[in-house]
Structures are given as structure tokens and as C-alpha cells.
Amino acid sequence: MDQDIIIVGSALYLFLVASLAKLGSKRDIGGKKSFLYSFCLTPVVGFIIVFSSPKKDILHIVHYKCSRCGLEFTDYHRNCPSCRKEGVNVRLSRKSMHTY
Ligand SMILES: [Zn+2]
């Protein structure tokens with residue numbers, strides 16, 4: 001009877017640790033650290049650590065910037081639409097960046 005509780009408890013413990021490691025891999029802290037913290041300091045502490053860690057949202061954004069007026073576009077334009085209204089054709093330069 002007592003053994004069952006230990007087995008179920010351990011399984012639950014490991015399940016929580018694994019879940020937190022998975023969540024942590026999507027955050028700044030990373031999966032390995034999340035796993036270690038959750039495993040060594042109990043999943044309760046691990047949960048707090050993982051959720052206080054900022055989310056890792058890596059977005060690859062491509063911008064097209066006009067060197068004349070400084071406007072940035074997220075869509076591709078061969079020439080700057082703003083400058084084009086003034087009768088000037090300005091090629092947009094491609095800029096890619098990562099944001100977190
Ligand atoms: Zn422009």
C-alpha cells in the first residue's frame with residue numbers, strides 16, 4: 001500500500017519535472033536548467049523559476065527600409081511607396097532582425 005503511493009508519487013514527480021523541462025525549453029532558462037531546478041528543488045520551486053523566466057519568442061522579422069525617408073515596411077516593395085508619391089524612386093534595403 002505504501003509502496004504504491006511512492007511509485008505513483010515518483011511517477012507524478014517525474015512527470016511534473018519533465019513537463020517543466022519542456023516548458024522551460026521555450027523560455028530563457030532552457031530545458032536543462034528547468035529540469036535540474038525542478039528535479040533538485042521540487043517541481044513547485046521549478047514551476048516558479050520557469051514561469052518567472054522570460055518567454056523566448058524568437059521572431060524573424062524582415063524589414064525593408066528606405067534610405068531616403070527612413071520609413072520601414074514589412075511588406076516587400078521594390079521602391080519606397082512614400083517617396084514614389086514625390087516622384088522619386090528609392091530602392092529599399094532589406095533588413096532582417098531577431099526579436100525576443
Ligand atoms: Zn522613402
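User: How do the axes of H2 and H3 come together, and at roughly what angle do they cross?
Analyst: This is a predicted model, where local features need pLDDT of at least 70 and side-chain atom pairs pLDDT 80 or more, while totals for chains, interfaces and linings use all residues. Residues are numbered from 1 along each chain as its sequence is written, and side-chain values use heavy atoms, without hydrogens and water. Helices (H or I, at least four residues) and strands (E, at least two) are DSSP runs, numbered from the N terminus. Axes are lines fitted to C-alpha atoms, for helices over the stretch in contact, with angles from 0 to 180 degrees between N-to-C directions; those of H2 and H3 come within 6 Å and cross at roughly 145 degrees.

User: Which residues of H2 and H3 make the contact?
Analyst: Contact means heavy atoms within 4.5 Å. From H2 come Ser34, Tyr37, Ser38, Phe39 and Cys40. Their partners in H3 are Thr42, Pro43, Gly46, Ile49 and Val50.

User: How many residues of each class does the contact of H2 with H3 have?
Analyst: Ala, Val, Leu, Ile, Met, Phe, Trp, Tyr, Cys and Pro count as nonpolar, Asp, Glu, Lys and Arg as charged, and the others, Gly among them, as polar. On that scheme, the contact of H2 with H3 has six nonpolar, four polar and no charged residues.

User: What is the orientation of H1 relative to H2?
Analyst: The axes of H1 (residues 2-24) and H2 come within 7 Å and cross at roughly 150 degrees. Angles under 35 degrees count as roughly parallel, over 145 as roughly antiparallel, 65 to 115 as roughly perpendicular and the rest as oblique. H1 is therefore, relative to H2, roughly antiparallel.

User: Which hand does the crossing of H1 and H2 have?
Analyst: The near helix is compared with the far one: turned anticlockwise by less than a right angle is left-handed, clockwise is right-handed. The crossing of H1 and H2 is right-handed.

User: Which residues in H2 does H1 meet?
Analyst: H1 brings Tyr13, Leu14, Val17, Leu20, Ala21 and Gly24. In H2 they meet Gly31, Ser34, Phe35, Ser38 and Phe39.

User: How are H1 and H3 oriented to each other?
Analyst: The axes of H1 and H3 (residues 42-52) come within 10 Å and cross at roughly 10 degrees. The two helices are therefore roughly parallel.

User: Which residues in H3 meet H1, and how many in the contact are nonpolar?
Analyst: Tyr13, Leu16, Val17, Leu20, Leu23 and Gly24 in H1 meet Thr42, Pro43, Gly46, Phe47, Val50 and Phe51 in H3. By class, three residues in the contact of H1 with H3 are polar and none charged, and the nonpolar ones number nine.

User: Is Ser38 buried or exposed?
Analyst: Ser38 lies in H2 (residues 31-40). Setting aside residues up to four places away in sequence, Ser38 touches Tyr13, Val17, Leu20, Pro43 and Gly46. Buried means under 20% relative accessible area, exposed over 50%, partly exposed in between (1.4 Å probe, protein chains only). At 0%, Ser38 is buried.

User: What is the phi of Thr42?
Analyst: Most residues other than glycine have a negative phi. Thr42, in H3, is not a glycine, yet its phi is positive, about 70 degrees.

User: Which residues does Cys69 contact beyond four places in sequence?
Analyst: Cys69 is in the loop between E1 (59-66) and E2. Cys69 is partly exposed, at 36% relative accessible area. Leaving aside neighbours within four places, its contacts are Cys80, Ser82 and Cys83.

User: Which residues does Asn79 touch beyond four places in sequence?
Analyst: Asn79 sits in the loop between E2 (72-73) and H4 (81-85). With 13% relative accessibility, Asn79 counts as buried. Beyond four places in sequence, Asn79 touches Arg84, Asn89, Val90, Arg91 and Leu92.
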